[in-house]
Amino acid sequence: MAVSGIGGVSAANLDRISRIYQRQAAEITSTSPSSPAGRVAEAAANRGADFGQAVSNGISSLESMDRTAAGKAVQAATGDLTDVHDYVIAATQMQTATEITTTVRNKALEAFNEIMRMPL
């Protein structure tokens with residue numbers, strides 16, 4: 001089972017968002033690179049790219065763990081797995097990683113909603 005984007009967030013969407021932030025930062029800094037707004041926009045673009053890359057790496061890692069756990073499950077079912085503990089460990093790692101990913105997603109959505117409620 002491949003893990004798709006969480007809550008509609010895919011690697012392509014994160015890359016697109018990152019490019020938008022970088023383009024906006026470039027537009028602001030091109031007119032006044034030494035202004036505080038220019039420095040803030042550039043820092044925000046860099047953080048956006050870093051966050052997008054971290055999420056993309058996390059999803060890739062989650063997919064890898066899922067493939068490992070599924071492979072171990074098949075090996076256990078066919079009798080090819082010599083140590084059942086390997087499957088139990090892989091399944092537990094997958095469950096824990098999924099719970100962490102879900103928690104991070106929920107916190108990110110809560111933070112986004114809180115930011116959207118802020119007055120301008």
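Which side chain meets that of K107 in a salt bridge? The views below answer this question and show other parts of the structure.

**View 1. Confidence across the predicted model.** This is a predicted model, in which local features need a pLDDT of at least 70, side-chain atom pairs count only at pLDDT 80 or more, and totals for chains, interfaces and linings use all residues. Residues are numbered from 1 along each chain as its sequence is written, and side-chain values use heavy atoms, with hydrogens and water left out. The average pLDDT (the predictor's confidence in each residue, from 0 to 100) is 76 for the protein, and 59% of the residues score at least 70. Confidence is lowest in helix α1 (residues 11-31), with a mean of 59, whereas it is highest in α3, with a mean of 90; helices are DSSP runs of H or I with at least four residues, numbered from the N terminus. Where pLDDT is low, the predicted coordinates should not be read in detail.

**View 2. The largest nonpolar core.** This core consists of 5 residues, L62, A69, A90, M94 and A97. Both α2 (36-78) and α3 (84-117) supply at least two residues of the core, and α3 gives the most, with 3 residues. A nonpolar core is a set of buried Ala, Val, Leu, Ile, Met, Phe, Trp, Tyr and Cys residues joined through side-chain atoms within 4.5 Å, where buried means under 20% relative accessible area, exposed means over 50%, and partly exposed lies in between (1.4 Å probe, protein chains only). When neighbours within four places in sequence are left aside, M94 is in contact (heavy atoms within 4.5 Å) with L62, M65, D66 and A69.

**View 3. A salt bridge between E110 and K107.** The partner of K107 is E110, and their side chains meet at 3.9 Å, N to O, in a salt bridge, defined as a side-chain nitrogen of Lys or Arg within 4 Å of a carboxyl oxygen of Asp or Glu. Because E110 and K107 are 3 residues apart in helix α3, about one helical turn separates them. E110 is partly exposed, at 46% relative accessibility, while K107 is exposed, at 52%.

**View 4. A salt bridge between R117 and E114.** A search of the whole structure finds 2 salt bridges, and one of them joins the side chains of R117 and E114 at 2.9 Å, N to O. R117 and E114 are also 3 residues apart in helix α3, and therefore about one helical turn separates them. R117 is exposed, with a relative accessible area of 58%, whereas E114 is partly exposed, at 42%.
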